[in-house]
Amino acid sequence: MKRIFFLLRKDFIRKWKNPQVIIGFMLIPLVFTFIMGAVFGRQAEVSLPPIKILIVDNDQSLLSQLLLGALTQGEFQKKITLVKLKEEKEGRRLINKGQATALLIIPQGFAQSVWEEKPTQLILVKNPAEQFLPQIAEEITDTITLLLSGAVTIFSPELQTIRTLIESNSSRQNTLDDKAVADISIRIKGKFEKFGDYVFPPILWVKQETIELPGKKEAPQLSFHGYILPAMAILFLLFVCNTVIEDTLREKEKMTLFRLLISPLKMEEFVWSKILTAIIIGITVTAFLLLLGTLFFAINWGNFWMVAVLVITLNIACGGFISVFYSFVKTERQAGAVLSTVILVMSLLGGSMVPVDIFPQFLRPISRFTLNYWGIEAFHRIMFGRSWADLAPIFIAFTLGGFALAAIGSFFLKKNLVKGYAG
Amino acid sequence: MLRLENLSKSFGEIKAVDNVSFQVESGEIFGLLGPNGAGKTTIIQMVAGLLKPDNGRIWLDSIEALVNPEATKKLLGVVPQEMAFYEELSAWENLFFWGSIQGVKGKILKDRIHFYLEKTGLLARAKDPIKKYSGGMKRRINLIIGLLHQPRVLLLDEPTIGIDVQTRLNIYEVIKEAAQAGTTILYTTHNLKEAEELCDRIAIMDEGKILASGTLKELITIVGKKDIAYLQGEFSLEKAQEVLTSLPPEAVLSLQEGKLVLALEASSSLPPLLELFFQKGLTIHDISIKEPSLESVFLHLTGKELRE
Ligand SMILES: Nc1ncnc2c1ncn2[C@@H]1O[C@H](COP(=O)(O)OP(=O)(O)OP(=O)(O)O)[C@@H](O)[C@H]1O
Ligand SMILES: [Mg+2]
């Protein structure tokens with residue numbers, strides 16, 4: 001045990017004196033996050049596919065139709081595809097199958113409440129599998145709610161027309177002729193555009209802070225930076241772990257392993273010391289990244305202890321994962337080639353480079369087999385204020401999986417290293 | 001004490017070590033002298049437990065190495081032919097690490113590091129990263145790492161390559177002190193002078209075999225009380241061979257184009273030989289006659305010249 005301590009100390013001093021590579025791996029995600037934030041943060045909607053929202057209109061009123069009409073106007077039109085459904089049950093079934101971003105339910109009596117200026121409520125069911133788009137859907141409905149609460153005053157002339165229409169058609173209240181509805185919709189749209197600058201956030205994420213709905217409780221917000229940084233961080237953490245564990249082969253080439261082999265040191269101690277070094281350096285790097293993320297991008301990571309546990313378990317998983325590949329690579333160059341490919345492909349599939357939300361359906365299940373996916377997912381869950389129970393499975397899987405992989409990795413790596421030497 | 005019995009190791013077709021036996025007593029410096037590829041490093045690696053011999057047995061004191069490798073490691077110190085340490089760490093950090101791994105602790109370790117650094121003239125540079133050291137300075141660190149835990153048996157694999165005379169003497173001193181303290185030392189080299197100066201006994205090795213061994217005096221008697229004549233000139237192998245038929249074959253220690261070494265019963269036999277050379281139209285530029293040395297023994301046994 002004591003010898004492991006000396007090994008760790010030695011490697012930490014070495015990395016401390018030669019920190020360029022690791023600092024590089026730490027800075028790249030920050031720079032990336034900054035650039036991506038600068039480029040896409042302003043026009044992220046361009047890069048996102050239309051959001052598919054399922055609609056169940058239980059009210060079937062004129063007003064609900066107007067609301068839906070509004071959702072297909074102007075700015076919204078670019079972002080939203082509406083699919084009207086008859087039944088809430090059908091909507092929930094589709095959402096659970098992950099076939100839409102959100103389900104918007106307009107409750108019965110919705111119009112009545114609005115007319116009477118009573119508090120109104122729309123129900124939005126989000127797709128649990130998507131991390132990003134439901135936020136937008138939520139914001140859109142928030143905006144609509146805001147619009148509606150202001151609508152009575154802003155649109156009072158139109159409301160008058162609507163009333164007249166309703167009264168003249170009172171026998172068939174729910175089936176206003178299309179032309180009339182379209183006409184009003186266009187007038188409302190005109191108003192939207194006029195007031196657009198005030199009520200529409202041209203960029204949903206940026207301006208949404210100015211929208212405050214009465215009674216809406218403050219939940220941790222997922223900022224664009226907060227999405228990108230953990231995703232990028234995990235990708236580069238894997239590279240950090242790799243440079244540390246790669247040292248085993250370097251020590252073989254540089255003959256220091258030869259010296260260690262003739263010392264009383266056990267090979268297990270050597271191999272585990274490297275994996276531990278990788279994990280500890282990984283934890284340090286992650287901690288720094290999160291801190292810098294808060295300083296530069298004002299990211300609110302959420303519950304401190306959850307983040308701490310995530311950082312530790314995530315790095316155990318990364319260290320274990322990387323070590324497995326050293327069971328068979330023979331040289332540093334081979335390791336570089338194999339591991340870079342593995343890390344990049346896994347990170348791409350796992351959403352470190354492109355949000356999983358915009359993957360085609362057939363790729364999404366694959367994402368779930370990546371470390372990146374679950375790491376990003378865990379960061380988001382914490383940011384959204386989810387409970388320990390929601391996070392525990394990820395933490396446990398990371399820890400157990402990480403150590404299991406490290407056990408396999410260390411066993412074969414040990415054999416791999418003493419190859420060419422007598423046992 | 002270190003004893004090798006009928007040790008053999010082949011790499012495919014190559015017999016790297018061929019039935020080697022010898023014993024080194026405690027306090028003795030035993031030199032393994034051989035050209036490149038003789039099998040010196042292979043022997044060291046087998047003793048260190050890093051290579052499995054095909055055949056043979058190894059004892060360190062009363063412990064049989066192949067049977068009890070863990071106990072062997074505790075007795076052993078090895079200075080590999082390659083420099084093996086962490087370049088980015090300072091000398092002090094390296095020595096502290098390697099000493100700790102060997103189980104040397106606290107003040108004893110620090111004192112020893114100080115002692116050896118001072119002894120080898122590196123104390124002033126102790127805090128510099130080793131990558132900034134010269135080759136010779138690195139060699140010294142490479143040596144000290146093997147000494148820190150004061151092993152019972154010390155294996156030194158060509159520890160003085162590329163070192164200037166002053167530093168070399170310095171290193172000899174350190175090694176001799178270790179021997180005086182009772183360490184068993186196996187020292188490989190392809191440097192004749194080094195073997196002569198440093199080693200109590202020498203084994204001459206070539207192509208995996210030990211050709212002769214003993215003290216310097218004993219080895220010299222192999223050539224006998226002869227004069228060693230070194231001739232240089234312009235002659236081809238065939239022409240020279242024609243001339244040399246007049247001599248007994250064992251008198252020719254080495255023959256190369258333009259270079260000839262002879263072991264003569266008496267230097268008086270040289271003039272008639274030169275006469276023959278002139279008759280054949282061969283030119284000789286330079287003649288020197290020396291007493292038998294390790295070099296002539298080496299030539300006699302291997303027919304090879306050793307160059308630094
Ligand atoms: N791992 C190996 N695989 C194959 N052949 C080897 C191996 N190690 C050594 N040899 C061969 O064994 C022979 C002896 O090599 P060795 O390194 O013991 O020589 P040496 O006496 O130490 O030479 P030098 O003075 O150059 O260090 C050489 O022919 C070498 O090519
Ligand atoms: Mg050698």
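Across the interface of chain A and chain B, the rule finds two salt bridges, a salt bridge being a side-chain nitrogen of Lys or Arg within 4 Å of a carboxyl oxygen of Asp or Glu. One salt bridge joins the side chains of B:E88 and A:R14, with N and O 3.2 Å apart. Before I continue, please note that this is a predicted model, in which local features need pLDDT of at least 70 and side-chain atom pairs count only at pLDDT 80 or more, while totals for chains, interfaces and linings use all residues. Residues are numbered from 1 along each chain as its sequence is written, chains are lettered from A and ligands numbered from 1 in the order in which they are written, and side-chain values use heavy atoms, with hydrogens and water left out.

Let me stay with the interface. Here 26 residues of chain A are in contact with 30 residues of chain B, contact meaning heavy atoms within 4.5 Å. The size of an interface is often given as the accessible area lost when the parts come together. For chain A and chain B the buried area is about 2,700 Å², and carbon and sulfur atoms give 65% of that area. Buried area is the accessible area (1.4 Å probe) that two parts lose on being put together, summed over both.

I turn now to chain A. Its secondary structure comes to 19 helices and four strands; helices (H or I, at least four residues) and strands (E, at least two) are DSSP runs, numbered from the N terminus. Of the 423 residues of chain A, 52% count as buried. Buried means under 20% relative accessible area, exposed over 50%, and partly exposed in between (1.4 Å probe, protein chains only). The accessible surface of chain A is about 19,900 Å², and 64% of this surface belongs to carbon and sulfur atoms. Accessible areas come from the Shrake-Rupley method with a 1.4 Å probe; for residues, only the protein chains shown count as cover. Among contacts in chain A between residues at least 6 apart in sequence, 78% join residues at least 24 apart.

Over all chains, the structure holds 36 salt bridges. Which parts of chain A does the pair A:R3 and A:E269 tie together? A:R3 lies in helix α1 and A:E269 in helix α14 (residues 267-297), so the pair ties together parts that are 266 residues apart in sequence. The N to O distance of this salt bridge is 3.1 Å. A:R3 is partly exposed at 22% relative accessible area, whereas A:E269 is buried at 12%.

A second pair also involves helix α1. The side chains of A:E251 and A:K10 meet in a salt bridge of 2.9 Å, N to O. This pair links distant parts of the chain, with A:E251 in helix α12 (residues 224-253) and A:K10 in helix α1, 241 residues apart. Are these two residues buried or exposed? A:E251 is buried at 2% relative accessibility, and A:K10 is buried with a relative accessible area of 3%.

Because A:K274 lies in helix α14 and A:D247 in helix α12, the pair ties together parts that are 27 residues apart in sequence. A:K274 is buried at 1%, and A:D247 is buried at 1%.

A network of salt bridges links residues of both chains, including A:K10, A:R14, A:D247, A:E251, A:K274 and B:E88.

Helix α1 (residues 2-17) also contains A:R9. A:R9 is partly exposed, at 35% relative accessible area. A:R9 and A:S273 are 264 residues apart in sequence and 9.6 Å apart in space, C-alpha to C-alpha.

Finally, chain B. Chain B has eleven helices and 14 strands, and its C-alpha trace spans about 75 × 45 × 35 Å along its principal axes. Of its 308 residues, 54% are buried. The accessible surface of chain B is about 13,700 Å², with 50% belonging to carbon and sulfur atoms.

B:L274 is found in helix α10 (residues 270-279) of chain B and counts as buried at 15% relative accessibility. Which residues does B:L274 touch, not counting residues up to four places away in sequence? They are B:L231, B:I284 and B:I287. By contrast, B:L274 and B:A178 are 50 Å apart in space, C-alpha to C-alpha, and 96 residues apart in sequence.
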